[in-house]
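Please look over the sequence and the structure shown here, and then read the short report that follows.

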Amino acid sequence: MLAVSCAADADAHHTPGETETVLTAVMYHDVLASRTGTYIVSPEQLESDIAAFAEAGYSFVSPAQVIAYAEGRGRLPARPMLLTFDDGHYNNAYYGLPILRKYGAKATFCVVGSYADTYTERKSERDNPAYSYLTWEEIGELSRDPLITIAAHSYDMHGAHGRRGILPKAGESDGDYERALTEDTERLREKLTECTGSGGDTYAYPFGHYCAAARETLEGLGYKMFLTCNEGASTLRFGDPSCIKQVCRYNRSGAYATESFLKKIQK
């Protein structure tokens, strides 16, 4: 895995003339009313988080805004925050979307294509927020909400298929690896384009695993911003696209209260 340097000063304030700012990105997974855990928060925790972030002066931004800043095409508000939801869980929309709308909070849903395929077919399991995933129809609907951005989380490399996420398999040649990742990615881009009108430009690495070859291949396919599972905040530099190639994110565990999590990201 590539080494990455993450800034930890989440208290930096941005003014129009500055050439650097600090991005704090938060990574959610399941949102469930029934239980909490390392990758599960309750709707009450999510709402408490968003209210506390806003009170602390964070501004919720979209990937498009972050990319525009890195490319020197746009500015960011003070204390930008990227809210991300990994894996395309149906409960992200069922419980999360009303909360995001209540606070006008922008968020990024990172979807897995094979999950959407499976749950699009299993209509009988559609309405159980405890274990179902977003269908392609729902992904399309979400993409039209001004608060939501759809990002890629692989088509079918978020599982145990002889490789760790999108990393090369043991003994796999460079050419075979590039073809495998390209095929997986293009399959997802085709489905996303079909239901949202865009293949997207933000990629969340499955399980946070990445390498130089993966990034180079994905950049060649049009992706501009890459989300890791490395904890910390990230320093963004105006007009420097390289600063968004390994964006750090804080995993939001449901094991502790909002106040504790807020202290963690402000260290």
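Is Thr202 buried or exposed? Thr202 is buried because its relative accessible area is 2%, where buried means under 20% relative accessible area, exposed over 50% and partly exposed in between, with a 1.4 Å probe and protein chains only.

This is a predicted model, in which local features need pLDDT of at least 70 and side-chain atom pairs count only at pLDDT 80 or more, while totals for chains, interfaces and linings use all residues. Residues are numbered from 1 along each chain as its sequence is written, and side-chain values use heavy atoms, with hydrogens and water left out. The average pLDDT (the predictor's confidence in each residue, from 0 to 100) is 90 for the chain, and 90% of the residues score at least 70.

Strands are DSSP runs of E with at least two residues, numbered from the N terminus.

| Strand | Residues |
|---|---|
| β1 | 20-28 |
| β8 | 202-204 |
| β10 | 234-237 |

Thr202 lies in strand β8, and, apart from neighbours within four places in sequence, Thr202 is in contact (heavy atoms within 4.5 Å) with residues including Pro63, Tyr223 and Met225. Met225 is also one of the 18 residues of a second, separate nonpolar core, a core being a set of buried Ala, Val, Leu, Ile, Met, Phe, Trp, Tyr and Cys residues joined through side-chain atoms within 4.5 Å.

Strands β1 and β10 pair (at least two DSSP bridges between them) in the antiparallel sense over four bridges, and Thr21 has Leu236 of β10 as its bridge partner. Leu236 belongs with Ser234 to the covered face of β10, whereas Thr235 and Arg237 form the uncovered one.
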